[in-house]
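Please open the model in a viewer and keep the sequence panel beside it.

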Amino acid sequence: MKNAATARTAACVPKESIVDIDAEDVNNPLAVVEYVNDIYKFYKLTERPSQVCGHIDESMRMMLVDWLVDVHIRFRLTPEILYRTVNVLDRYLSMDLVVKEEEQWQLVGITAMLLASKYEEDKPPAVDDFVDISDETFDTKQILDMERSILRKLGWNLTEPTPYHFLVRFIKAAAADKVMENLVFFFAELGLMQYAMSKYCPSLLAASAVYAAKCTLNKTPYWNETLKHYAGYSECQLMECAKQFVTFHSDAAENEYRAVYDKYSTCAHNVVALLPPCTRLLIESRERQPCLESVCMSCLP
């Protein structure tokens with residue numbers, strides 16, 4: 001009898017409802033509410049990890065991305081460009097290409113940013129701007145030659161989903177305020193610095209950054225039905241990646257490459273880098289049993 005009563009009580013408890021995060025944008029033509037869910041289904045089908053092989057100098061890549069973050073700030077480029085730049089860079093470097101000299105890395109980096117700027121901006125920086133930012137280490141011909149090389153290697157395809165596409169969607173699903181939004185982007189950009197993080201699909205990186213931010217700010221519930229619906233991941237699937245974000249946060253102040261940390265230590269970004277790291281997440285992730293749901297499988301179309 002007791003079990004039957006318990007079952008009836010549980011049946012009376014309403015399930016958490018999924019919030020329609022697009023309801024307020026019905027009259028906004030720029031929000032393309034009629035198509036937005038199909039667009040994100042397509043992104044999930046076409047996304048893939050950027051890391052195809054591990055034959056690159058990870059420390060050199062970290063130094064390069066750190067410098068590119070500074071260049072991105074100096075040029076006042078849109079956030080999309082930074083994520084697109086790293087996507088192009090990693091895809092090019094993953095083709096078993098040998099890039100040894102520091103100058104070669106820098107040439108690949110600024111050319112990747114030039115391509116990303118052309119792709120994302122109506123008025124991108126000129127080639128001469130990139131010549132200047134490199135202290136004239138390279139001339140216009142070298143940059144344009146590298147541009148052709150990258151485009152040929154990538155099959156002229158720059159249209160791949162990056163974490164940024166999913167970040168804006170999942171931040172909206174989390175009903176994030178400005179502090180949380182900046183913290184999510186802080187985690188995501190710390191992830192851009194680490195080549196090891198490119199083994200994760202962009203959507204998983206974005207969802208884990210949101211989860212890590214909610215845990216850091218102690219915004220409960222840390223994951224709900226709305227986020228699970230729009231992100232397509234359970235809390236269990238996010239733990240491994242989120243733990244790494246918190247580890248990067250813990251180490252950021254002492255890291256040799258501080259462009260992201262310094263950027264998010266400013267008032268313009270709500271000084272989120274100075275927030276105490278979420279030690280609870282680190283402890284819980286060590287104690288939690290391995291998830292039976294495969295993260296790798298969730299990355300597949």
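**Conventions**

This is a predicted model, in which local features need pLDDT of at least 70 and side-chain atom pairs count only at pLDDT 80 or more, while totals for chains, interfaces and linings use all residues. Residues are numbered from 1 along each chain as its sequence is written, and side-chain values use heavy atoms, with hydrogens and water left out.

**Whole chain**

Begin with the protein chain coloured by secondary structure: it has 15 helices and zero strands. Here helices (H or I, at least four residues) and strands (E, at least two) are DSSP runs, numbered from the N terminus. Of the 301 residues, 49% count as buried; buried means under 20% relative accessible area, exposed over 50%, and partly exposed in between, with a 1.4 Å probe and protein chains only. Among contacts (heavy atoms within 4.5 Å) with a separation of 6 or more, 81% join residues 24 or more positions apart.

**The nonpolar core**

Next, select Ile 143, Phe 186, Phe 187, Val 210, Tyr 211, Phe 245 and Leu 281, the residues with the most contacts inside the largest nonpolar core, which has 95 residues. Such a core is a set of buried Ala, Val, Leu, Ile, Met, Phe, Trp, Tyr and Cys residues joined through side-chain atoms within 4.5 Å. Centre the view on Phe 187: apart from residues up to four places away in sequence, it touches Ala 209, Ala 212, Ala 213, Thr 216, Phe 245 and His 249.

**Helix α3**

Select residues 58–74. This helix, α3, has 17 residues and reaches 24 Å from its first C-alpha to its last, close to the 24 Å expected at 1.5 Å a residue; the expected span is 1.5 Å times one less than the number of residues. Its buried residues include Met 60, Arg 61, Leu 64, Asp 66, Leu 68 and His 72. The buried residues of α3 pack against α4, α5, α6 (127–133), α9 and α13 (259–263). Just after α3, Arg 76 takes a positive phi of about 55 degrees.

Move to Val 108, in helix α5 (residues 102–120). Val 108 is buried, with a relative accessible area of 3%, and touches Leu 89, Tyr 92, Met 146 and Ile 150, not counting residues up to four places away in sequence. The C-alpha atoms of Val 108 and Glu 147 are separated by 8.4 Å, although the two are 39 residues apart along the chain. Glu 147 is also buried, at 9% relative accessible area. Beyond its neighbours up to four places away in sequence, Glu 147 touches Thr 111, Leu 114, Leu 115 and Lys 118.

Ser 117 also belongs to helix α5. It counts as buried because its relative accessibility is 0%. Leaving aside neighbours within four places in sequence, Ser 117 is in contact with Leu 77, Ile 81, Pro 124, Pro 125 and Phe 130.

**Loops**

Select Phe 138, in the loop between α6 and α7. Phe 138 is buried, with a relative accessible area of 4%. It touches Glu 103, Gln 106, Leu 107, Ile 110, Val 131 and Ile 143, not counting residues up to four places away in sequence.

Trp 156, in the loop between α7 and α8, is exposed, with a relative accessible area of 61%. Its phi is positive, about 60 degrees, although it is not a glycine. Pro 221 lies in the loop between α10 (202–216) and α11 (225–231), and the peptide bond from Thr 220 to Pro 221 is cis, with omega near -10 degrees.

**The largest pocket**

Finish at the largest pocket, whose volume is about 300 Å³. Of the 16 residues that line it, the closest to its centre are Pro 79, Glu 181, Asn 182, Phe 185 and His 269. The elements giving two or more residues to this lining are α4 (79–93), α8 (163–173) and α9 (178–193), and α9 gives the most, with five residues.

A pocket is an open set of points on a 1 Å grid over the protein atoms alone, where a 1.4 Å probe fits, with protein on both sides within 12 Å along at least five of seven lines; lining residues have an atom within 4 Å of a point. Grid points are joined across faces, edges and corners, and a volume is the space filled by probe spheres set on the points.
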